[in-house]
Amino acid sequence: MEGVTTRTYRTVFRKYFGGVDKYFTPFLVANQTHHFKKREIAEVTPMEDELVPQILTCNGSDFLWAAKYLAAAGYREVNLNLGCPYPTVFTKGKGSGMLADPDRLERFLAEIFSAQDIPEISIKTRVGVKDPDEATKLAEIFACYPVKEIIIHPRVREDYYQGKLRLEAFRMMLQTLSCPVCFNGDICEAADWQKIGNTFPAIDTIMIGRGLIADPMLAITLKREAPGYHADEAENVKRLKSFLDELWYAYSDVLYGERDVLFKMKEIWYYMGRRYHDRERALLDIKKARYKDEYADAVSRVFDI
Ligand SMILES: Cc1cc2nc3c(=O)[nH]c(=O)nc-3n(C[C@H](O)[C@H](O)[C@H](O)COP(=O)(O)O)c2cc1C
């Protein structure tokens with residue numbers, strides 16, 4: 001998630017929670033300059049285990065440049081972003097903008113999948129731009145290429161990240177595709193995954209975004225056998241608190257000043273706060289905090305410690 005699941009976040013997350021088999025970077029923009037920004041280079045170098053870099057572009061040769069760069073950095077899989085809904089991305093024909101013109105998408109995929117000496121390519125997509133019926137055509141196109149895995153967020157671009165999931169369109173894609181399919185969307189607790197697993201017995205891989213930021217224990221909870229699982233709530237709060245403390249210090253090392261660190265922590269609390277409905281006042285104080293002390297005091301009140 002752009003701005004949220006940064007290398008700093010991933011590193012501290014792994015130390016305290018984990019339970020995740022594969023991490024994806026926020027999108028890295030591949031454009032005609034054939035240079036990544038400093039921030040993007042720091043996301044992928046030095047090479048990070050279990051990490052799949054994600055590329056955002058609508059140009060085949062720019063994609064191939066990025067894929068080769070990432071191969072040289074040690075990565076064996078790259079992910080193509082066909083889902084980003086934001087206007088600045090969409091109007092340039094990137095992200096979900098690629099889904100708006102199937103003929104162009106087909107030419108793009110033909111170019112990148114015929115290249116040699118690049119990592120395997122997985123795809124992150126939606127089920128359409130405006131209408132979930134677009135899913136059929138899109139799945140037929142994807143089915144023509146040796147895609148390592150397709151991660152489907154069953155919403156159309158116009159849904160952004162809200163509204164009912166388009167599960168019929170997901171089912172349609174699942175039936176058409178022969179490559180591994182990963183489900184992504186609105187998994188916030190074990191019951192959500194159970195529902196999806198029951199509805200689509202063929203699905204055994206899920207990607208979690210907001211749900212995992214809101215509850216960093218979620219992946220461990222879903223895989224109860226994973227090391228580090230604690231059913232003890234007091235133990236969990238302690239761990240969450242230590243995680244947030246260390247994240248603060250880790251961000252202090254890479255950002256410029258308390259204000260920027262505060263901004264990052266507030267972004268995370270935007271998702272975490274949803275689990276603490278009865279702590280309205282303390283959550284508001286986190287949102288309004290101007291200094292570290294104010295922030296730390298409000299966090300303690302959320303956790304009752
Ligand atoms: C703030 C934010 C940033 C995101 N950045 C990315 C991104 O860089 N690449 C990507 O593939 N998806 C991105 N997403 C989408 C998520 O990966 C995911 O598809 C979406 O949030 C739905 O899954 P969830 O309900 O588990 O969060 C972003 C979502 C949010 C809310």
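Me: How many Å separate the centres of domain 1 and domain 2?
Reply: It's 29 Å, taken over C-alpha atoms. Domain 1 is 7-222 and domain 2 is 233-303, with bounds that come from an automatic or database domain assignment. Mind that this is a predicted model: local features need pLDDT of at least 70, side-chain atom pairs count only at pLDDT 80 or more, and totals for chains, interfaces and linings use all residues. Residues are numbered from 1 along each chain as its sequence is written, and side-chain values use heavy atoms, leaving out hydrogens and water.

Me: What makes residues of domain 1 and domain 2 count as in contact, and how many are there?
Reply: Contact means heavy atoms within 4.5 Å. By that rule, 14 residues of domain 1 touch 14 residues of domain 2.

Me: What area do domain 1 and domain 2 bury between them?
Reply: About 1400 Å², 73% of it on carbon and sulfur atoms. Buried area is the accessible area (1.4 Å probe) that two parts lose on being put together, summed over both. T8, Y9 and Y16 supply 36% of what domain 1 buries against domain 2, more than any other three residues.

Me: Why is the pair K15 and E246 called a salt bridge?
Reply: The term asks for a side-chain nitrogen of Lys or Arg within 4 Å of a carboxyl oxygen of Asp or Glu. The closest N and O atoms of K15 and E246 are 3.0 Å apart, so the pair qualifies. Across the interface of the two domains, the rule finds 1 salt bridge.
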